[in-house]
Amino acid sequence: MLNRLNLIYVLEIAIVLLIVFGVLPRWLVPYVVVFLAIYFLRAPFEEVIIFFVRSVPLFMAIPITPAFDSLNAWRIFSLIIFFRWMDSGKIKELLRFSKTKQVHMSLMFLLILALFSLIFAPSQTLALKRIIYFVNLSLIGIVIYDLNSRAFTSRVIKNIVAPAILVTILGMTQLVTTYFIDIYKFIEFWAGTVEKNLFGEAWAVIALRANTWFAYFGDQLSLRMFSFFPDSHSFPIFLILSLPAVLALSLQNIVSITRKGNLPLKVMYQTRARLSVIFVPILFLGVILSGTRGMWAAGVGCLLLVVGYWLIFRGQEVDSYKMAVFKYISSYLSIFFLLFALAFPIFASPQFLVFKENQAILRQRVKSIIDLGETSNYRRLEIWRDSFKSIINRPLVGVGIGNFPVVVGEDLAKAKAGSSAHNLYLHIAAEMGIFALLVILYFLWHLLKKCYQNYLTETDPIMLIFFGASLIFIPWNLLYSLTDVAIFDERAFLLFVITAALILGKK
């Protein structure tokens, strides 16, 4: 029998899918949001946080007026959660200075730098909107950080799995549709119906023009899977961030059984995992089929990172069992590279009712990663050069948060369309200055350091696997961020904030 949480979640999935696919009218969205807001106000506090985590990919934009239909529901729900948390007097503790709260102070300093850059921004309106956006995104992380008991952490980890599986299944369903309709009907449906109902009219127009959903080679054309996401860049980020939770749920019994064995690594390979482990290769395949070359390259970088971890473990004489668990977790990386053999025929298949003579499209896309003359690579290098020049000219305050188009001489209206440095770290430095970049790098270093410490001290199987896998998959996204800023997408960033809160949690 379904409990209240599961019942409302199933209803949410059904209603969202019916609205997004155009079966039910979009004017029902405000009523759905009101119903869920009442639930967020009245249900037990931890329950609504779990519901929020499950619902991250399902939040829809609210059609308030024809000209303003892009306010996403997660903004309202995160505010409700935060204000309920504040009622218990937690805000005073958050703001109180303490030498043990380096993360708090660094993030507060980053907020001050963002506000300072606002003063010098060509468009202070865009800057202020961007600051509000990131503050709003961070609220759920503050609450999870504070509530981060062992039982609650384990529960949140398990509930990251559901949305990851859901968006992957939707992505695979999206792939299947490419074999039955031509590209014009595909674009009309996904831009004119799905993206419009999910994100509003303005984004639907941008998505139609941005053309990030397809990979080309000559006359050949293939889908770059994006599922329920705005583009094919934020989708794989969400999947990679979800993998530690999927592995934790799937492998927990293996860790429990092999804890006392003499040859734990050998026993791990001989022990059956949970059925949910079948989604690990499916998520990896989704990452590959997104066609995001920077994500593929970051996977190669993670192989080198894993070797580095092994050397550190040996140098610090880490417990042999912890080393065995980490080796077992990292062995799943091999699946990612093996799946390219399956991805080749998928990319080469006749999608959108167009025949393909060979498998050149994926092969050429892989080769183009190191081709500096390739169009997108050449343009990215130009943007990096302009970003460096801007940082040199305005090293302390940047051009103002949310005002990146100024760096490359574009209209500020392109900020909403995703104008960026195509490098997270250059983007931050160009918008807010070098000090802001240093604060971000400190935060990320502290996050990985805390994750490593958690792994060395943790005994609970679920959290042990989660922290061990996070040591691999968080850097995977940070490496990918050398070529993109898609982690700023609201769905990807919400999951990153939730993951960081679980790792940094004070309890």
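In this predicted model, helix α6 has 19 residues and spans 28 Å from its first C-alpha to its last, close to the 27 Å expected at 1.5 Å a residue. The helix covers residues 102-120. Its buried residues are V103, H104, S106, L110, L113, A114, S117 and L118. An α-helix has 3.6 residues a turn, so residues three or four places apart point the same way.

α6 also takes part in lining the second largest pocket, to which it supplies at least two residues. The volume of this pocket is about 1100 Å³. Of its 39 lining residues, L107, L110, F134, S138 and F493 are the closest to the centre.

Which other helices each supply at least two residues of the lining? They are α5 (90-95), α7 (124-146), α20 (424-432), α21 (434-457) and α23 (490-504). The largest share, nine residues, comes from α7. By residue class, the lining divides as follows.

| Class | Residues in the lining of the second largest pocket |
|---|---|
| Nonpolar | 33 residues |
| Polar | four residues |

The protein chain as a whole contains 23 helices and four strands. Buried residues make up 57% of its 507 residues. Among contacts with a separation of 6 or more, 78% are between residues 24 or more positions apart. The accessible surface of the chain is about 22200 Å², and carbon and sulfur atoms account for 67% of that area.

Technical notes:
Residues are numbered from 1 along each chain as its sequence is written. This is a predicted model: local features need pLDDT of at least 70, side-chain atom pairs count only at pLDDT 80 or more; totals for chains, interfaces and linings use all residues. Side-chain values use heavy atoms; hydrogens and water are left out. On a 1 Å grid over the protein atoms alone, a cavity is a set of points where a 1.4 Å probe fits but cannot get out, and a pocket is an open set with protein on both sides within 12 Å along at least five of seven lines; lining residues have an atom within 4 Å of a point. Grid points are joined across faces, edges and corners, and a volume is the space filled by probe spheres set on the points. Ala, Val, Leu, Ile, Met, Phe, Trp, Tyr, Cys and Pro count as nonpolar, Asp, Glu, Lys and Arg as charged, and the others, Gly among them, as polar. The expected span of a helix is 1.5 Å times one less than its number of residues. Buried means under 20% relative accessible area, exposed over 50%, partly exposed in between (1.4 Å probe, protein chains only). Contact means heavy atoms within 4.5 Å. Accessible areas come from the Shrake-Rupley method with a 1.4 Å probe; for residues, only the protein chains shown count as cover.
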